[in-house]
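Please examine the sequence and the model shown below before reading on. The paragraphs that follow lead through the chain step by step.

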Amino acid sequence: MTTPTSGKTQCFLRVRQAEAEPVIYRVEDFPCRVGRSDENDITIAEASISTLHAVILKLPDGRLQLEDQWSTNGIYFNQRRVTQILLEGLKDIVLGRVRVDLALDEDLFDDPLPAVPSAPKPTESGPHPAP
């Protein structure tokens with residue numbers, strides 16, 4: 001959460017979108033607003049991201065927390081929608097349709113990146129035959 005040299009609280013956010021190189025942001029100022037609007041501290045230009053999607057907050061005890069800001073497409077961790085999540089270790093989350101990794105230490109990003117899945121393909125509607 002803090003760097004040995006600066007003593008300043010920080011975290012790292014890696015944005016992974018299909019067919020784009022990952023982008024890593026160092027966050028040292030809190031609260032940090034994340035969303036589609038250019039008025040946010042971190043802008044993710046993707047239609048599934050809300051104008052203000054989430055905020056990274058520094059809690060009174062010094063821990064960091066990501067909080068959903070009533071976004072349309074939510075925050076998912078372990079395939080479950082969550083409204084808030086503490087930053088501990090490396091967290092692989094999904095904002096809308098965008099994969100995001102959150103870490104307290106940039107060195108945690110040294111592992112090879114898992115593949116970014118493509119957007120789900122639409123399914124046909126209508127009756128399906130019984131198996």
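Which residues gather in a patch of negative charge on the surface? The patch consists of Asp105, Glu106, Asp107 and Asp110. In the sense used here, a patch is made of residues with over 30% relative accessible area and no salt bridge, like charges being joined within 9 Å. Asp and Glu count as negative, Lys and Arg as positive, while His and the chain ends are not counted. The place of a charge is taken as CG of Asp, CD of Glu, NZ of Lys or CZ of Arg. Accessible areas come from the Shrake-Rupley method with a 1.4 Å probe, and for residues only the protein chains shown count as cover. Asp105 itself lies in the segment after strand 11 (98-103). Asp105 counts as partly exposed because its relative accessibility is 37%; buried means under 20% relative accessible area, exposed means over 50%, and partly exposed lies in between.

The model is a predicted one, in which local features need pLDDT of at least 70 and side-chain atom pairs count only at pLDDT 80 or more, whereas totals for chains, interfaces and linings use all residues. Residues are numbered from 1 along each chain as its sequence is written, and side-chain values use heavy atoms, with hydrogens and water left out.

The overall composition can now be described. The protein chain has 0 helices and 11 strands. Both kinds of element are DSSP runs numbered from the N terminus: helices are H or I runs of at least four residues, and strands are E runs of at least two. Of the 131 residues in the protein chain, 38% are buried.

How are the strands paired? Two strands pair if DSSP finds at least two bridges between them. Strand 1 (residues 11-16) pairs with strand 2 (residues 23-27) in the antiparallel sense, over 5 bridges. Within this pair, Cys11 has Val27 in strand 2 as its bridge partner. The hairpin of these two strands has 6 residues between the strands, and Glu19 there takes a positive phi near 60 degrees.

The loop between strand 1 and strand 2 also holds Gln17 and Pro22. Gln17 is partly exposed because its relative accessibility is 26%, and Pro22 is likewise classed as partly exposed because its value is 30%. Gln17 and Ile44 are 27 residues apart in sequence, with their C-alpha atoms 9.6 Å apart in space. Pro22 and Asp101 are 79 residues apart along the chain, and 10.0 Å separates their C-alpha atoms.

Elsewhere, 5 strands form an open sheet in the order 4-3-5-6-9, with mixed pairing. Its edge strands are strand 4 (42-43) and strand 9 (84-86), each of which pairs on one side only. Strand 3 (residues 32-35) runs parallel to strand 4, joined by 2 bridges, and pairs with strand 5 in the antiparallel sense over 3 bridges. Val34 illustrates both pairings: its bridge partner in strand 4 is Ile42, and its partner in strand 5 is Ala54. Strand 5 (residues 54-58) and strand 6 (residues 64-68) run antiparallel and are joined by 5 bridges. Here Ala54 stands opposite Asp68 in strand 6. In a regular strand, side chains alternate between the two faces of the sheet.

Charged side chains provide a further set of contacts. A salt bridge is a side-chain nitrogen of Lys or Arg within 4 Å of a carboxyl oxygen of Asp or Glu, and the count comes to 8 salt bridges. One of them joins Asp92 and Arg16, at 3.4 Å from N to O. This pair links distant parts of the chain, with Asp92 in strand 10 (residues 90-95) and Arg16 in strand 1, 76 residues apart. Asp92 counts as partly exposed because its relative accessibility is 32%, whereas Arg16 counts as buried because its value is 2%.

Arg16 also meets Asp101 in a salt bridge of 2.8 Å, N to O. Asp101 lies in strand 11 and Arg16 in strand 1, so this pair ties together parts that are 85 residues apart in sequence. Both Asp101 and Arg16 are buried. A network of salt bridges links Arg14, Arg16, Asp92, Arg99 and Asp101.

Another salt bridge joins Asp61 and Arg63, whose closest N and O atoms are 2.8 Å apart. Asp61 is partly exposed because its relative accessibility is 48%, and Arg63 is partly exposed because its relative accessible area is 35%.

How values were computed. Patches are made of residues with over 30% relative accessible area and no salt bridge: like charges are joined within 9 Å, nonpolar side chains (Val, Leu, Ile, Met, Phe, Trp, Tyr) within 5 Å. Buried means under 20% relative accessible area, exposed over 50%, partly exposed in between (1.4 Å probe, protein chains only).
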